[in-house]
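Hi everyone, thanks for coming. Please bring the picture up on your screens, and I'll walk you through it.

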Amino acid sequence: MLDSLLAYPQTLLGPLWPAVWTLVKIIVIVVPLMLCVAYLTLWERKLIGFMQIRIGPNRTTFFGLSWLGGWAQPIADGLKLLVKEIIVPTGANKFLFVLAPIMAIMPALAAWAVVPFSPELVLSNIDASLLYLLAMTSLGVYGVIIAGWASNSKYAFLGALRSAAQIVSYEIAMGFALVGVLMAAQSLNLGEIVKAQQGGAGLFSWFWVPLFPLFMTYLISGVAETNRAPFDVAEGESEIVAGFHVEYSGMTFAVFFLAEYANMILISMLTAILFLGGWLSPFPASWGVLGASSFGWLILKAFLVVSSFLWFRATFPRYRYDQIMRLGWKIFIPVTLVWIVVLGAWMQTSLWIWWK
C-alpha cells in the first residue's frame, strides 16, 4: 500500500525523489525524537518528585486546562532559553565556544540513521551499523572538551578533563560489551542482531541471558558516557560550579542538554535492541496480539531503560573521581574480557542455544 501511495510523488520528482524521500524520513525521526527529549525532562522531574515525595511541575498548562497541569513545562523551558541572551565570555574563543554545543548534538542525532525501529523501518540498513554507532557515539566527547577549553575558565576546563578521561575509560568497556553481542549474533547489522534473539523461550531467548555481565556493563557504562548521575563529575555542581558548560547561557546551554537527553534515549534504544530483543515480544506467538512483534515493544523497553537512568539519579550519590576510574579500568574492562573468553568457549559447546 505504501508503494502505491509513493508512486505519484516518485514519478513527479524523478531523480530528486531519493533525496526528498531521505529528507522526509530524517524529519520523521528527528521531530519525534526532539519531542521525546523535551518530555523526558518532564518525566524525570515527575518521577524523581514521586520518589522523593514531592509533586513536580504541575502549574504550566495548555491554554489553562487544569487537567494538563505541568504538560507545557518543557515548552515553557524551551521558550525561556530561546529568548535568553547568549553571552560569550571575554577571552573565550568565540568560534569554538559556539561550535562546541553543535559538535555535542550532531553525533547524538546522526547515530539514529542506522537504528531500526522494526524489520522494515530504518533510515539506512547498512551491514556495519554497529561500527557506525561506535564511531558516532565516540565523537560526543569532542563537544565537551572544546566547550571546556574554549570557555577560558578553570572550572570549565577541569570539567572537560574529567569528562574526557571518564568517557574514554567507559568507551573501552562499552566496546568490549559490543564485541560479545557481535560474537553471539554473528553480525554487525542491528536488524540481524534483533533477529538472532528470536526463539521459542520469549524473553529468555534474548541476549541479556548469555551476555548478562556485558549487559550490565553496557548499561552502567551508558550512564557514565552520558555524564548522568552518579557519574556526573563533568558537571559537578557542588565542586566545579556546573563544569564544562558553566559559561554557557540561552540556547547554547539548551543544546548541551538536548544532546545529553538525546544520548540517554539513544543508549536506552540500543540497550533494548542489543540485549532485550528489540521489537520482539516477551510472550509466545500463540498469545495473539501480545505475542506479536511490534514497534510498541521496542518503545516500551527503551522507556523502561531510560527510566532506570532517572532512578539512578534519585538513588545514588555522586561517585568520587577515583572511584569512577577504578570501576571502569579495574572492574568493567577485566569483567568484559573474561566474559568474552567464556562466551567463546560456551559457543563451541552444545549448551549454546542461541544463534547457530
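**Cavities, pockets and rings**

Let's begin with the inside: a search of the whole structure finds 2 cavities of 30 Å³ or more. Before going on, please remember that this is a predicted model, where local features need pLDDT of at least 70, side-chain atom pairs count only at pLDDT 80 or more, and totals for chains, interfaces and linings use all residues. Residues are numbered from 1 along each chain as its sequence is written, and side-chain values use heavy atoms, with hydrogens and water left out.

What do I call a cavity? On a 1 Å grid over the protein atoms alone, a cavity is a set of points where a 1.4 Å probe fits but cannot get out, while a pocket is an open set with protein on both sides within 12 Å along at least five of seven lines; lining residues have an atom within 4 Å of a point. Grid points are joined across faces, edges and corners, and a volume is the space filled by probe spheres set on the points.

The largest cavity holds about 340 Å³ of space. Its lining has 24 residues, and Gly-140, Glu-225, Thr-226, Asn-227 and Asn-263 lie nearest the centre. Elements giving two or more residues to this lining are α4 (94-110), α5, α6 and α10. Helices here are DSSP runs (H or I, at least four residues), numbered from the N terminus. Which helix gives the most to the lining of the largest cavity? That is α10, with 7 residues. By class, the lining of the largest cavity has 15 nonpolar, 6 polar and 3 charged residues. For the classes, Ala, Val, Leu, Ile, Met, Phe, Trp, Tyr, Cys and Pro count as nonpolar, Asp, Glu, Lys and Arg as charged, and the others, Gly among them, as polar.

Let's stay with Asn-227 for a moment. Asn-227 sits in the loop between α8 (212-225) and α9 (237-240), and has a positive phi of about 60° although it is not a glycine. Is Asn-227 buried or exposed? Its relative accessible area is 6%, so Asn-227 is buried; buried means under 20%, exposed over 50%, and partly exposed in between (1.4 Å probe, protein chains only). Asn-152 also has a positive phi of about 60° without being a glycine, and belongs to the loop between α5 (129-150) and α6 (154-185). Asn-152, however, is exposed, at 53% relative accessible area.

The second largest cavity has a volume of about 80 Å³. Among the residues lining it are Leu-130, Glu-171, Tyr-218 and Leu-274. Here α5 gives the most, with 4 residues.

Of its 36 lining residues, the closest to the centre are Thr-41, Asp-77, Leu-81, Phe-257 and Tyr-261. The largest share of that lining, 9 residues, comes from α2. The second largest pocket has about 860 Å³, and α2 again supplies the largest share of the lining, with 14 residues. How do the lining residues of the second largest pocket divide by class? There are 27 nonpolar, 3 polar and 3 charged.

With 26 residues, α10 reaches 38 Å from its first C-alpha to its last, close to the 38 Å expected at 1.5 Å a residue (the expected span is 1.5 Å times one less than the number of residues). Why call α10 largely enclosed by the rest of the structure? Because 21 of its 26 residues are buried.

Now the rings. Rings of Phe, Tyr and Trp (its six-membered ring) pair if their centres lie within 6.5 Å; planes under 30 degrees apart count as stacked, over 60 as edge-to-face and the rest as tilted. By this rule the count comes to 20 aromatic pairs. Take Trp-208 and Phe-212: their ring centres are 6.4 Å apart and their planes at 70°, so this pair is edge-to-face.
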